[in-house]
Amino acid sequence: MRGTAGERAFIWATASALGLLALFFVGLVVSMLAYVDGRTLLRALLSEEVLFAIRLSLVTATLATILSLAVAIPAAYAISKGRFPGKGIVDSLLDLPIVISPIALGTALLIFFSTPVGGLIDARVLKVVFAKPGIVLAQFTVVSALATRLLKSTFDDIDPRYERVARTLGCSKLEVFFKVTLPLARNGLIAAFVLTWARAVGEFGATVTLAGATTMRTETLPIAIYLSLASADVGKAVAVTLILIAMAVSALIAVRRVTGRIYRI
Amino acid sequence: MKGVNLSLNSGEYFVVLGPSGAGKTVLLECIAGLHRIKGGEIWIDGRDVTGLPPEQRQVGYVPQDYVLFPFLNVFENIAFGLRRRGHPESEIERRVKALAHLTGISHLLHRDPRSLSGGEKQRVALARALAPFPRVLLLDEPLSSLDLKTAKYLRMELRRIHEELKITTIHVTHNQPEAEEMADRIAILNGGSLEQVGTPEEIFFYPKNERVLEFIDAPNILECRACRDIGQGLKEVDCNGMTLIVPHDGGRVSRIAVFPRDVYISLSDPPGPRVNRFRGTVTDIEPWGGIVRLKVDVEGNRLMSEVPFDIFKAMDLRVGKEVSLILKLRGIRVYEGESDRNRGEVKAQL
């Protein structure tokens, strides 16, 4: 059945907006590919600096993601299933790190390490400022709230009756969490891991503020782009940008496959 | 829940019957320990379990829609409770297989529970609840999400399994025929409080109040005095001046019940055998959804009849009009027992 002229115009308008947006992003990637020739790209990709940046990004993002999930899993469970005063406020506060500019978070971290307590930690416990641990801390600060938010919605979706039945079958609350809740949340956990990791890989603002942008020391992939542009090495900037895009696309495909399985029952 | 005081006999199949929102699920959850109670006590097998968490109550629970664990196959679903309680592997295997055999799901043990039909899921949920040797089995609307045919078959299956295991069972439902067919005793729950507790026959023939009567589809209940066997599995009974033929092979009939839908009304005397026919006067007319409920006075007895609205219109019935009534023979249910036994609370309400 064909719609009215108004309906057709509406469908055309929405589809056109979508088409334009897709064209815009495809155009950006194509323009980058057109800007540099293959040999320059390959040389940049295989340069010691870029390989260092890839390694550093993989290691720090993975560490930050593991740390984030270690905190986010219990925190998200508490906020999803728990009943406590001020729950609404805590829930809203969780959104803050997601909406605040990462550079502001980085500044807050830097200020903290300038205080006597922070300074002591930096000097005696772990060197954070302008050092590799700073990268992990900066990424953790930016992505932990995102991980909590993603996992909260996963736990929200779990029918509490599964947990209730498990209680009658002999599980304590702790056993229910490990034997029922986590297995039910498996796909959500994988999706949260991948998305959090992808966000950590792309983190720039807080990292550059806390850990600095030092070549071959605190040079993650986004910082490598920044340093390449600063030294007018466009070939390298494009190469690293393409690596980041490839990582992000792979992560999204992985999430799509996992979550697709969740809902295809 | 208020003032709910229930005591179950060991090995009894007890059905809690009530409309939705009556508090049936909450009652089960209180017994299972999933719902904290503000006051009162719960005892199971002579042990006060009021303060115990669910995992220490030894209660088997089959929730509505069964909620089988989707990340475990059927075998592991049934074995779940046994594993949590640390039974040895060989015993788990033996127990799971025995329960699968009992519930008729031996061929499904390696299946993903999401691929099962409603009836199969119900059996798996039942086996899962029974596996860790519970002291009491709680069934929350176990047949309500099944199609009518499967549900009717599973009624018999549930009773058979109960007969074999003799486990004290509480089954909650809103379905009155289901309750009557399955229960040793029924409790009628309404608005969080108990209206009546008794055998299905007691509830049906001696409803304690109007709410219970309404809930069991408001049958006309008549007390019978004389009863004479006329052969062919029929008895002639005298109920307050009305002589009726009822289908009954047993002993003396003390009460009969007939649903309003089985009391036919016509303006003139229709042709056919003159059995269970009476003349009466319409005393009350009450619209009831798509039907009309008529109260008709027959020799001092007030009988209720249900007539579809369009037929009611066509018959032009009014209060005071004289009509013919036929009580459908096959619709008459009889209660054998002493009509004058001491039922103070029942008689007072009636």
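The buried residues of helix α2 of chain B are B:Val74, B:Phe75, B:Asn77, B:Ile78, B:Ala79, B:Phe80, B:Gly81 and B:Leu82, where buried denotes 20 or more other C-beta atoms within 10 Å of a residue's own, with C-beta atoms placed from the backbone. Helices are DSSP runs of H or I with at least four residues, strands are runs of E with at least two, and both are numbered from the N terminus. Eight of the eleven residues of α2(B) are buried, so the helix is largely enclosed by the rest of the structure. These buried residues pack against α3 (89-103) and α4 (118-130) of chain B, contact being defined as C-beta atoms within 7 Å. Just after α2(B), B:Gly86 adopts a positive phi of about 70°.

The model is predicted, and local features need pLDDT of at least 70, side-chain atom pairs count only at pLDDT 80 or more, and totals for chains, interfaces and linings use all residues. Residues are numbered from 1 along each chain as its sequence is written, while chains are lettered from A and ligands numbered from 1 in the order in which they are written.

The contact between the chains takes 17 residues from chain A and 17 residues from chain B. On the side of chain B that touches chain A, β4 (59-62) and α2 (74-84) each supply at least two residues. That side comprises eleven nonpolar, two polar and four charged residues (nonpolar: Ala, Val, Leu, Ile, Met, Phe, Trp, Tyr, Cys and Pro; charged: Asp, Glu, Lys and Arg; polar: the others, Gly among them).

Terms used:
Two residues are in contact if their C-beta atoms, placed from the backbone, lie within 7 Å. A residue is buried if 20 or more other C-beta atoms lie within 10 Å of its own, exposed if 12 or fewer, and partly exposed in between; C-beta atoms are placed from the backbone.
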